[in-house]
Amino acid sequence: MTTVAERPAPAAGRPPVKGSIWTPDALAASGSAVRPGAPRVGVLALQGGVREHTEVLLGLGASVAYLRRPEDLAGPDGLRVDALVLPGGESSTIDRLLRVFGLFEPLRDAVAAGVPTLGTCAGLVLLARTVLDPAPGQRSLGVLDVDVRRNAFGSQVDSAEVDLDTTLGPARVAFIRAPRVERVGPGVEVIARRGDAVVGVRQGTMLGLSFHPELTREAPFHRALLAAAAR
Ligand code: GLN
């Protein structure tokens, strides 16, 4: 395992994230930013909004490791992360890449085993038991007992920043080709609605959000993830 001390200082350019010598650029180059004692969050980094999640997590003092291969997730020493983030992007692409990189089953097993997980937008689609309006051949991890409809709020031009009241507090968040939760299983708590539509859910230590809190740097959901990881 690598430590901060073993890593070269990040290249000049973007200013460091507050309170950290790590920038997302340096992290992308090295694969992990380890702070001794801090929860280590594995961010799925195959496609999509990896950088913004990284910035929020580093801002909260977490360690971040990028997940691209099975060995980033687990090794002979066991699981290498305390929590997981599945970012937005395109769920059918992320699904395909998960299978190409051999990460589909290991990731599913880690989430199912109770590693605290935050999935945003495409990440929520990936977690869902059932995907409505899937791309041809699209699969999901099936670990979160909800049905989600892809692109339920319209296309890219219908993107919107919205003020939401959530059970974790108010948050201004972004909807971009967002899915909507159309069925909620008995063990699933609704944590956010947009009008009548369910857009945020929690099942155990799994959080699934239709929207992007990271684009507006809203931290309550990441904070909840880190709190679950610390337990
Ligand atoms: N519509 C995309 C999908 O189905 C999700 C969009 C997003 O993550 N912003 O994966």
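Reader: Which residues surround the ligand?

Author: Keep in mind that this is a predicted model. The residues around the ligand are Gly 88, Gly 89, Glu 90, Ser 91, Cys 121, Ala 122, Val 125, Arg 150, Asn 151, Ile 176 and Arg 177. Sorted by kind, this shell has four nonpolar, four polar and three charged residues.

Reader: How many helices and strands are there in the chain?

Author: The chain has seven helices and 15 strands. It holds 231 residues, and 49% of them count as buried. For contacts with a separation of 6 or more, 65% are between residues 24 or more positions apart.

Reader: How do I read a core?

Author: In soluble globular proteins, nonpolar side chains tend to be buried together. Here the largest nonpolar core has 67 residues, and the members that touch the most others are Val 43, Ala 83 and Leu 127.

Reader: What is Val 43 in contact with, leaving aside neighbours within four places in sequence?

Author: Its contacts are Val 50, His 53, Thr 54, Val 64, Tyr 66, Leu 67, Val 85 and Pro 87.

Reader: Why does Leu 84 count as buried?

Author: The cut-off is 20 or more other C-beta atoms within 10 Å. Leu 84 counts as buried because it has 26 C-beta neighbours inside 10 Å. This residue belongs to strand β6. Not counting residues up to four places away in sequence, Leu 84 touches Gly 42, Ala 110, Val 111, Val 115 and Thr 117. Sequence distance and spatial distance are separate things to read: Leu 84 and Leu 225 are 141 residues apart along the chain, while their C-alpha atoms are separated by 8.4 Å.

Reader: Which residues of helix α5 are buried?

Author: In α5, residues 104–112, they are Leu 107, Ala 110 and Val 111. To see how they are arranged, look down the axis: these buried residues fall within an arc of 95°, so they line one face of α5. Among the elements that cover them are α3, β6, α4 and β15. After α5 comes Gly 114, with a positive phi near 105°.

Reader: Which residues are buried in α7?

Author: Helix α7 spans residues 220–230, and its buried residues are Phe 221, His 222, Leu 225, Leu 226, Ala 228 and Ala 229. Their arc around the axis is only 160°, so they lie on the same side of α7. The cover over them includes α2, β6, β7 and β15.

Reader: And what do the buried residues of α4 pack against?

Author: First, the buried residues of α4 are Ser 91, Ser 92, Ile 94, Asp 95 and Leu 98. They fall within an arc of 165° seen down the axis, so they line one face of α4. They pack against α5 and α6. Just after α4, Gly 102 has a positive phi of about 70°.

Reader: What does Ser 92 touch, not counting residues up to four places away in sequence?

Author: Ser 92 touches Ala 135 and Gln 138. It counts as buried, with 20 C-beta neighbours inside 10 Å. Ser 92 and Pro 136 are 44 residues apart in sequence, and their C-alpha atoms are 8.5 Å apart in space.

Reader: How do I read a pair of strands?

Author: Look at the direction of the strands and at the bridges that join them. Strands β10 (residues 160–166) and β11 (residues 169–175) run antiparallel and are joined by seven bridges.

Reader: What should I make of a positive phi?

Author: Most residues other than glycine have a negative phi, and most peptide bonds are trans. Cys 121 is not a glycine, yet its phi is positive, about 55°. Asp 133 is another residue other than glycine with a positive value, near 60°.

Reader: Is Cys 121 buried or exposed?

Author: Cys 121 is buried, with 30 other C-beta atoms within 10 Å. Its place is the loop between β7 and α6. Cys 121 is also one of the residues that surround the ligand.

Reader: And Asp 133, buried or exposed?

Author: Asp 133 is exposed, with 12 other C-beta atoms within 10 Å. It is found in the loop between β8 and β9.

Terms used. Residues numbered from 1 in each chain as written. Predicted model: local features only at pLDDT ≥ 70, side-chain atom pairs only at ≥ 80, totals over all residues. Helix = DSSP H or I, 4+ residues; strand = E, 2+ residues; numbered from the N terminus. Contact = placed C-beta atoms within 7 Å. Near = placed C-beta within 6 Å. Nonpolar A, V, L, I, M, F, W, Y, C, P; charged D, E, K, R; others polar. Arc of directions from axis to C-beta. Core = buried A, V, L, I, M, F, W, Y, C linked by C-beta atoms within 7 Å. Pairing = 2+ DSSP bridges.
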